[in-house]
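Work through the exercises below with the sequence and the model at hand. Each task is followed by its solution in steps.

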Amino acid sequence: MNIMNVDYSTKIPNNVNLSEDRQVLKALEGWHPGYMDWWNDMGPEGFQQSLVYLRTAYSVDPRGWAKFDYVRMPEYRWGILLAPQEENRVIPFGENYGKPAWQEVPGEHRATLRRLIVIQGDTEPASVEQQRHLGKTAPSLYDLRNLFQVNVEEGRHLWAMVYLLQKYFGRDGREEADDLLRRRSGDADSPRMLGAFNEATPDWLSFFMFTYFTDRDGKMQLHSLAQSGFDPLSRTCRFMLTEEAHHMFVGETGISRVVQRTCEAMNQAGIADPADIARVRALGVIDLPTIQKKLNLHYSLSLDLFGSEVSTNAANAFNAGIKGRYRETQIDDDHQLKNATYPVLKLVDGVIRRVDEPALTALNMRLRDDYTQDCVKGLLRWNKIISLAGFNFELALPNVAFHRQIGEFKDVNATPEGALIDDAIWNARKGEWLPSTADGDFIASLMKPVTGTGAYANWISPPKVGIDNKPGDFEYVKIET
Ligand SMILES: [Fe+2]
Ligand SMILES: [Fe+2]
C-alpha cells in the first residue's frame, strides 16, 4: 500500500495498513461506538444533520492532502494518518542520540511514553467539549464552518492518540483509550487532565483566543513529540501539525477581524480614544481594552500548560529520547545538554530574576520561551491593524508572572507589566486586567447567530479570502430546517 494515500475502504480510514493488522483494527472498531456516543453527547450542539463544507485528509503528502466537500459531521471519516516513515531515522537527542529510532516501545520507557500520549490525547476531545455551544452564536457561516473543521480534526487527533495506545500499549493502552472518552471538560468528578482544558469557552472571542494561544501550546508540544525517538509517535505528530496550522489560522485571523471591525467602527463614529469603552461598546463592537483582557487570560492559562519551569520529568523524557526540543534537529549543539545552562525566570528574594539552570531541567522553560516568540507574530499583525487605523493603542503579552497557577509564580500576584503586588491590590485591580462578569455579559450580548450567506455579525469583519478560495457568499454550512 502507498503510505501517501489513505485507505478509505475500511471502516476506519488509515494509511497504516489496518486491514492486515486485525488485532488493532478490532480494538479500534470496538472503540468506535463509544467514540460516536461521545461525539453525539459532547460534540457540537445542533448542526449534526447540517451539511458542512469540510476538508478531509486523503493523503499525507504535504503538497496536496485535503479534499473539501459537504459532509454531515457524524459521517466525517475520522482516520489514522501517519506521516511517511523516514528511512534510517535516528534518535535526534538524549542519551540514545544517533541510534536508530524505535519502531516498538522500549520497555523501560513504556510508562513515560504512555503518560505523554494520554496527556496529549486528553486535550483533543476536551477542546471539542469546551466549544460545543458556540455553533448557536456563530457570527457567520464561514466561522461556523471553521469551528466545525477544528472540532472534527480534534476528534481525529483523539483517534491518532488512541491508535498509538491500542497498537503499542496492550491492555492498559485500551483502558486509557476508554478513559479518554470518560473524562469531561470542567466536570467536578472526572475533569480533563490540564487546567486550560477545563475552562469555559463562553463566546467567540474566547474561541479565537483559544485557537490562537492554546492550540499553539499544542503546536509546541506536538513539535517536541515529533522529535521523539519512538517513531510512530513522531510520525503521528508530524501529520497532526499539518492540520493544527489551520486551527491557529482561525485564531489569528479571527482576532485580526475583531480588531479590524472595532477600529473601523471607531473611525466611522469619530471616536479617537480606544479607552472610551462605553462609546465604543455602544457601537456594538468589542473595545480594544477588553480584547487585551481576554488575551491576558488566555495567554496566562496557556503558559501554565508548559508545566514547571524547572522539571526533572522534562529532563528524563529528553535524556530517554522521548520528547525533544522545538526544532531539535535544527539546533546546533550536542543534543544531549551535558554541560549547557539555560536562563530561567525565577523569584529570588521577592524579585523576578533570570537564573542560569542546567539546560536539561529547564526544557519546559525553553519550550515556553519558543512559544512566546511564536505568539508575538500575531500581536505584530494585530497592532499593525490598530496603528494603520490611526489609534494609539498596542496589544501586549502580559508578563509571565501574571495570573499563573503553575510554576515559579503560582504563589505571587503580579501586574501584566510584571510588578509584584499584594493580595489587596490584586483583588482591587484584577478587573482591569482580566475579563470581569460585566465584560463577559457585554460580549455575550453581541453573540447573536448570523446565518445568511455572505453575512457577518456587526462585531467582526469578513475574512479577506474564503476557505478553499470560495466566494464571499458561499454557503459553508447548509443548515437543516
Ligand atoms: Fe489537536
Ligand atoms: Fe487544534
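**Exercise 1.** Determine whether glutamate 244 and histidine 247 are buried or exposed, and how they are placed in helix H6.

Solution. Glutamate 244 and histidine 247 are both buried (under 20% relative accessible area; 1.4 Å probe, protein chains only). Next, the two lie three residues apart in helix H6, so about one helical turn separates them. Helices are DSSP runs of H or I with at least four residues, numbered from the N terminus.

The model is predicted: local features need pLDDT of at least 70 and side-chain atom pairs pLDDT 80 or more, while totals for chains, interfaces and linings use all residues. Residues are numbered from 1 along each chain as written, chains are lettered from A and ligands numbered from 1 in written order, and side-chain values use heavy atoms, without hydrogens and water.

**Exercise 2.** List the protein donors of the iron ion (ligand 2) and classify their arrangement.

Solution. Donors are N, O and S atoms within 2.8 Å of the metal (3.2 Å for Na, K and Ca); water is not among the atoms, so sites may look incomplete.
- Glu154 (OE), Asp215 (OD), Glu244 (OE) and His247 (ND1) lie 1.8 to 2.2 Å from the ion.
- Along the chain their spacing is E-x60-D-x28-E-x2-H.
- The four donor atoms subtend angles of 88 to 167 degrees, and the arrangement is therefore irregular.
- Glutamate 154 also bridges to the iron ion (ligand 1), 3.5 Å from ligand 2.

**Exercise 3.** Which backbone oxygen does the side chain of threonine 262 reach?

Solution. Threonine 262 is in helix H6 (residues 231-269). Its side chain reaches the backbone oxygen of isoleucine 286 at 2.7 Å.

Notes: A polar contact is a pair of N or O atoms within 3.5 Å; within protein, one must be able to donate a hydrogen and the other to accept it, and residues adjacent in sequence count only if both atoms are side-chain atoms. Four donors count as tetrahedral if all angles lie between 85 and 135 degrees; four count as square planar and six as octahedral if opposite donors are over 155 degrees apart and all others between 65 and 115; anything else is irregular. Buried means under 20% relative accessible area, exposed over 50%, partly exposed in between (1.4 Å probe, protein chains only).
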